[in-house]
Amino acid sequence: MLNTRKFIAILGLGVAALALPVGPIGAGAAQAQDFPAKPLEVIVPFKPGGRTDVVARLIGDKIQEKGLLSQPMAVVNADGGAGANAVNRMRRGDDDGHTIVHWHHQALIAMAMGLGDFGLEDFKSIGYTGGGSPVWVVSEDSEFDTLEDLIAHLKENPRSLIEAVGIGTIPHFVGAMLANEAGFETRYVTANSGADRLRLVLGGNADIALFAASEYLAQGEGLKALVYFGRERLPDMPDVPTATELGYDVSWANPNWWLAPASTPDAHVAELASALEAAINDPEIVEYFRNNTLEPYWTPGDAAMADAEKQLEALKAVAATIN
Amino acid sequence: MLDAFLALAEWQNLLFLAVGTGLGIVVGAIPGLTASMLIALTLPLTFHMDPVSAVTLLIGEYVGGISGGLITAILLRMPGTPASIVTTFDGYPMAQNGFAERALALGIMASVVGGIISWGFLAGMSPALARFALQFGPWEYFTLVLMALVMLAVLSQGSMVKGLMAAALGMAFALPGIDSSIGQARLTFGSSAMLSGFGLLPVLIGAFAISQILRDAATPQESGRMDMPKSKLPIYRSDLGYAPKLLRGSVIGTWIGLLPGIGANIAALVSYSTEKQLSKEPEKFGTGHEPGVVAAESANNASIGGALIPLITMGIPGSVTEAILIGALTIHNLQPGPLLFQNAPEIAYGIIAAYLVANVLMLMLMWGAVRYIARIVQLPRSGLMAVILVFCVTGSYAVNSSFSDVWVMIGFGLVGLGLEYCRVPLGPFVIGFVLSPIAEEQLRASLMMSDGNLAEILTRPYALLFLALALITVIWPYIAARLGARARAKQAEEPS
């Protein structure tokens with residue numbers, strides 16, 4: 001237990017050895033390569049148990065099970081400081097692809113808010129392994145049945161409704177993007193976790209909150225979704241319109257983003273990318289994603305970085321309006 | 001429900017529960033390692049287990065982890081978990097006075113009773129209680145925490161001014177980090193390591209464990225300060241007289257545990273100071289008074305049962321540990337929430353059943369092992385402290401995999417040493433540190449909600465109730481003194 005990283009790696013190996021049949025190693029295995037030469041460290045900038053953590057572990061397990069890389073992946077949680085702890089840890093680690101980060105677009109919000117001393121130039125993008133979009137939700141007994149009702153009410157009575165957000169987090173920015181686009185204003189109440197938002201909306205202490213689609217569907221009762229921020233309607237909730245359909249040019253797809261330090265050799269990034277791409281296309285992973293309102297897809301590193309740059313510009317514009 | 005207990009009777013589930021509880025006790029007792037760390041470490045193991053076994057293992061670890069903290073809190077004045085800070089107030093003086101086994105026995109009994117009473121609430125009236133807890137918004141949270149802060153003043157042993165100074169200093173150390181109400185860095189001096197502020201665990205084990213280690217290193221070895229533990233744990237028939245105190249502690253614990261984000265440490269604090277206020281001999285609290293241990297331990301264990309209520313009925317985790325528990329369920333495609341009872345009743349009732357059985361197992365394990373554990377006070381201090389130091393460093397590092405947390409821990413060890421040297425109590429210092437971020441965030445959230453209108457508090461009856469209780473806490477000692485004086489005056493008049 002003296003070294004958590006090693007301990008987790010050994011645990012992971014032990015589990016894999018116990019639970020998984022030792023199958024033939026796939027044809028694409030990187031046996032002959034000198035990378036990776038030792039177990040990889042995947043830094044997750046959140047506490048264990050959240051979506052980013054779970055997806056990192058699932059994909060890491062899959063890569064190991066299928067022998068997509070010659071070494072196992074050990075997930076390390078470095079929570080806190082709007083991601084600064086995770087970035088510091090990445091900087092202390094290897095810059096040859098043995099130390100990577102699994103994050104999402106909260107990273108861009110931290111950059112747009114000027115928190116932490118990191119920016120896109122610190123990273124090389126390995127790619128997106130799918131992602132999910134959130135919904136805007138009101139309480140089930142709310143007087144508003146559609147987003148149009150809600151916006152009309154807010155335009156007539158500015159700041160009359162309370163929105164539960166964590167200031168400087170995704171719910172805040174997505175809400176602000178919609179508010180800027182549609183021209184309305186809400187009052188905020190601080191709620192730093194999904195649990196806090198749920199508690200406030202269900203208890204009638206807030207009117208509106210943002211949830212991951214999976215959180216909303218799991219709740220099952222007590223909540224009413226007004227708008228989905230994905231690009232297309234989600235099959236699990238066919239009656240919830242997207243913001244784009246309603247005429248507001250706002251969408252938020254929060255990808256599972258794999259990052260390496262900026263100085264990582266391209267060949268190693270490519271090696272990691274091909275393993276991740278194979279993992280995200282695995283039927284078991286696809287099924288897990290579908291069951292959890294995540295979209296399984298693969299976006300290569302360059303395209304992911306271009307998307308992130310575009311998103312960061314948009315977020316900076318929003319940050320300028322809320323500071 | 002019966003099915004759930006039958007499922008637990010399967011040997012492998014019972015084994016997982018026992019292993020989890022045992023591990024939890026060990027980890028909970030070691031300063032620096034906490035239940036949430038243990039659960040995070042074993043989480044990957046549960047991916048490949050069936051969901052019921054996974055849940056039993058994790059619930060066992062949760063219950064064991066909170067209970068185990070009392071051992072080191074009593075024997076070494078090093079709370080193994082934040083939940084047992086308050087247990088040190090009377091538990092450690094008892095051990096110093098030669099009643100270590102008695103303090104442990106009382107602590108264990110109170111823990112189990114607290115666990116079982118809160119299980120009753122969990123099994124019997126979860127939905128109603130969860131709905132009740134949900135009404136609590138930022139105003140209620142703020143006034144509740146304010147009440148706990150005010151109680152600190154009452155708790156301070158010796159000089160009230162020094163106690164308040166300690167609390168204020170603790171609150172000041174809670175300021176750096178990201179100001180969650182505006183999302184901006186505050187008092188970080190441009191350091192990215194300071195962005196997350198000072199972590200609870202490094203501060204806690206720094207102030208209590210590291211300062212104790214430093215003090216031990218500076219003083220010559222004292223041996224034979226404590227007697228060899230007796231072979232029998234002292235529990236007497238007269239302990240039945242603690243029943244009302246146990247009930248009060250358990251109800252307070254359950255009720256505070258119900259509120260997500262308000263943890264076992266606040267439950268123990270409120271229960272302890274309530275007992276002290278109701279007591280006929282409040283001056284004895286803090287000097288090794290048995291009801292102090294009973295109040296703290298019944299409440300901190302009961303708070304787990306309370307915290308499980310919003311978790312299983314609404315899917316709202318009450319603590320970091322429970323958030324990880326939710327992660328373990330989602331891996332198995334299970335989402336805690338109202339649908340859990342329909343979609344996977346074996347899990348929902350499994351959690352409830354496992355909680356009760358874990359408490360019983362905890363009693364058996366701790367009772368059996370406690371007289372061996374109590375012997376750690378007989379070990380050479382130098383060796384014992386070296387081992388604890390290793391765990392402290394490892395634990396601090398492991399929270400966020402960050403070495404700056406270790407420096408924070410050492411720094412707070414020095415702060416703790418300095419405070420003790422000036423006879424400023426450590427309890428209020430750490431509790432001020434824990435409570436003030438919650439109070440600040442909730443007050444500012446309240447003001448955001450009401451557009452800066454402080455008068456809105458008048459429309460919130462529960463918030464007013466907490467404010468009134470806080471006020472009574474402050475003025476009660478003076479009223480009591482007045483009443484006492486009047487009674488004495490009357491007595492003096494009567495005999496004539």
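Biologist: What joins strand β5 of chain A to strand β8 of chain A, and do the two run parallel or antiparallel?
Modeller: Five bridges join β5(A) to β8(A), residues 208-212, and the two run antiparallel. Two strands pair if DSSP finds at least two bridges between them, so five are enough for the name. Strands here are DSSP runs of E with at least two residues, helices are runs of H or I with at least four, and both are numbered from the N terminus. This is a predicted model, in which local features need pLDDT of at least 70 and side-chain atom pairs count only at pLDDT 80 or more, whereas totals for chains, interfaces and linings use all residues. Residues are numbered from 1 along each chain as its sequence is written, while chains are lettered from A and ligands numbered from 1 in the order in which they are written.

Biologist: What makes β5(A) largely enclosed?
Modeller: A residue is buried if 20 or more other C-beta atoms, placed from the backbone, lie within 10 Å of its own, exposed if 12 or fewer, and partly exposed in between. Five of the six residues of β5(A), 134-139, are buried, so the strand is largely enclosed by the rest of the structure.

Biologist: Which strands are the edges of the sheet, and what makes them edges?
Modeller: The open sheet has five strands in the order β7-β6-β8-β5-β9 of chain A, with mixed pairing. Its edge strands are β7 (187-190) and β9 of chain A, each of which pairs on one side only. Neighbouring strands are turned by 35° against each other on average, direction ignored. Helix α18 of chain B, residues 426-449, packs on the sheet and touches β6 (162-165) and β7 of chain A, its direction making about 165° with that of β7(A). Such angles run from 0 to 180 degrees between N-to-C directions, with axes fitted to C-alpha atoms, for helices over the stretch in contact.

Biologist: What is the handedness of the crossing of α5(B) and α6(B), and how do their axes lie?
Modeller: The axes of α5(B), residues 85-96, and α6(B), residues 100-134, come within 7 Å and cross at roughly 145°. The crossing is right-handed; that name applies if the near helix is turned clockwise from the far one by less than a right angle, and left-handed if anticlockwise. Among the residues that meet are B:G91 and B:M94 in α5(B), and B:A103 and B:G107 in α6(B).

Biologist: What makes B:G91 buried?
Modeller: B:G91 has 31 C-beta neighbours inside 10 Å, and therefore counts as buried. Leaving aside neighbours within four places in sequence, its contacts include B:L70, B:I74 and B:V293, a contact meaning C-beta atoms, placed from the backbone, within 7 Å.

Biologist: Which domains does chain A have, and how far apart are their centres?
Modeller: The assignment gives domain 1 (38-131 + 253-319) and domain 2 (134-228), the bounds coming from an automatic or database domain assignment. Taken over C-alpha atoms, 28 Å separate the centres of domain 1 and domain 2 of chain A. Their contact takes nine residues from domain 1 and eleven residues from domain 2.

How values were computed. Contact = placed C-beta atoms within 7 Å.
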